[in-house]
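Please keep the sequence at hand as you read.

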Amino acid sequence: MPIDFSNCEIRTPENPLELQHLYGMLAEVFPTEKKLFEDIISGAHTLYSWKPYTLYYADEPVGNVSIVMFQLQTEGRLQKIAGIASVATPERYRGMGVARHLMNHVLKVIDAQNLPSILFTSLPRVYAGLGYQLVDQGVKQTAVRQLGQVNVPVQRLTHLTGEALDTIKKLYSETLSYDGKLLRDEKYWRLYGNAANNSDKTEFAFCMSGDKVSGYARLEYESDRVLLEEFYASAESLTNTALWNWICAAAAEKGKHLVSLALPRKHSLWNFLQINDLPLMQEAGVEREVFMVRMPQKESTAWLAELRWALSDKF
Ligand SMILES: CC(C)(COP(=O)(O)OP(=O)(O)OC[C@H]1O[C@@H](n2cnc3c(N)ncnc32)[C@H](O)[C@@H]1OP(=O)(O)O)[C@@H](O)C(=O)NCCC(=O)NCCS
């Protein structure tokens with residue numbers, strides 16, 4: 001039976017019972033995230049600045065689109081940007097225009113603030129007619145190959161302690177600087193640490209210089225490769241080499257033959273690998289969600305078409 005939208009209401013659920021119903025619906029649509037939704041209900045997790053817009057039909061949640069508000073550094077200033085997340089229609093209500101109806105509503109909210117918006121999806125068709133455009137994330141790949149050994153200790157971290165998280169936080173906040181860098185506030189760092197610790201596919205390495213950390217890398221194990229999602233090394237090439245060798249050793253240990261690199265456009269590692277004769281190719285043979293952006297009405301937004309969104313900040 002088609003949905004009569006004039007009998008429906010879009011609102012943000014606020015009381016515990018409504019939230020429980022919404023998370024129940026989301027767990028049905030995204031079964032792999034069930035544990036996360038249970039943790040949220042129990043208060044163990046939050047979803048950063050996640051604001052749901054839920055379509056109710058006779059008090060039943062029949063669809064949802066959420067906005068996650070971020071700030072990122074671009075052209076020397078901080079820009080607010082609206083992420084689209086948790087786009088979900090339960091199977092029995094699909095194909096009736098629920099997602100389209102909710103997206104139109106949410107885009108009015110976003111346009112009223114003249115904000116750019118972004119999303120990751122495996123279904124770009126759902127968003128193409130709404131003004132979203134694909135932005136290539138420039139992920140490259142290379143074969144696993146270690147460089148000459150260097151005598152620099154690297155510490156592997158399969159779990160982030162509070163202290164390790166503080167170290168990464170410091171390096172990220174004080175040292176890294178590039179267009180598209182996300183402002184990670186305290187609430188975000190909590191989410192970041194929890195998400196990394198809940199995943200058995202995420203690992204970090206610290207490169208040590210005495211008792212100081214001179215660089216870190218974050219990688220994700222995938223079916224046939226490792227994905228390098230974050231890499232910081234002080235200008236010194238020994239740190240680069242030590243971390244790169246660790247990435248290759250970690251990949252080889254798990255029987256992976258490829259390293260994919262999802263790094264900012266101007267990252268120094270691109271140059272470092274070139275100098276060391278490691279050929280980089282356009283990534284192939286892996287299915288990733290695509291990244292889409294939608295320009296706001298009134299501002300110059302050439303930067304958006306160049307935006308790379310760190311996969312460790314994927315939402
Ligand atoms: C994707 C999803 C939200 C679509 O919800 P829906 O309410 O059935 O979508 P609508 O009926 O409003 O369709 C909106 C548009 O998307 C298109 N569309 C919907 N599902 C699609 C699919 N699986 N593949 C391609 N296009 C699709 C429709 O044709 C329609 O386009 P049109 O207006 O140009 O005809 C729903 O199938 C779902 O919850 N899927 C599982 C979760 C998911 O993948 N979420 C998206 C993550 S980004």
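## Helices α1 and α2

Helix α1 (residues 16-29) packs against helix α2 (residues 34-42) at an angle of about 170°, and their axes are 9 Å apart. Axes here are lines fitted to C-alpha atoms, for helices over the stretch in contact, and angles run from 0 to 180 degrees between N-to-C directions. Helices (H or I, at least four residues) and strands (E, at least two) are DSSP runs numbered from the N terminus. Angles under 35 degrees count as roughly parallel, over 145 as roughly antiparallel, 65 to 115 as roughly perpendicular and the rest as oblique. α1 and α2 are therefore roughly antiparallel to each other.

On the α1 side, Gln20, Tyr23, Leu26 and Ala27 make the contact, and α2 supplies Lys34, Phe37, Ile40 and Ile41; contact means heavy atoms within 4.5 Å. Sorted by class, the residues where α1 meets α2 are six nonpolar, one polar and one charged. In this scheme Ala, Val, Leu, Ile, Met, Phe, Trp, Tyr, Cys and Pro are nonpolar, Asp, Glu, Lys and Arg are charged, and the others, Gly among them, are polar.

## A note on the model

This is a predicted model, in which local features need pLDDT of at least 70 and side-chain atom pairs count only at pLDDT 80 or more, while totals for chains, interfaces and linings use all residues. Residues are numbered from 1 along each chain as its sequence is written, and side-chain values use heavy atoms, with hydrogens and water left out.

## Helices α7 and α8

Now compare another pair: helix α7 (residues 237-253) and helix α8 (residues 268-275) pack at about 80°, with axes 11 Å apart. α7 and α8 are therefore roughly perpendicular to each other. Ser237, Asn240, Thr241 and Trp244 of α7 meet Leu269, Phe272 and Leu273 of α8. The residues of this contact of α7 with α8 comprise four nonpolar, three polar and no charged.

## Around Val152

Val152 sits in the loop between β7 (140-143) and β8 (154-157). Apart from neighbours within four places in sequence, Val152 is in contact with Cys207, Met208, Leu238 and Ala242.

## Two domains

The domain assignment, which is automatic or from a database, gives domain 1 (5-137 + 288-313) and domain 2 (140-282). Their C-alpha centres lie 29 Å apart, and the contact takes 22 residues from domain 1 and 29 residues from domain 2.

Together, domain 1 and domain 2 bury about 2,100 Å², 44% of it on carbon and sulfur atoms. Buried area is the accessible area (1.4 Å probe) that two parts lose on being put together, summed over both. Within domain 1, Tyr48, Gln73 and Arg308 lose the most area to domain 2, together 33% of what that side buries.

## Salt bridges

A salt bridge is a side-chain nitrogen of Lys or Arg within 4 Å of a carboxyl oxygen of Asp or Glu, and by this rule the count is 22. Between domain 1 and domain 2 there are three salt bridges.

Asp111 and Arg294 pair in a salt bridge at 2.9 Å, N to O. This pair links distant parts of the chain, 183 residues apart: Asp111 is in helix α3 (residues 98-112) and Arg294 in strand β15 (residues 290-294).
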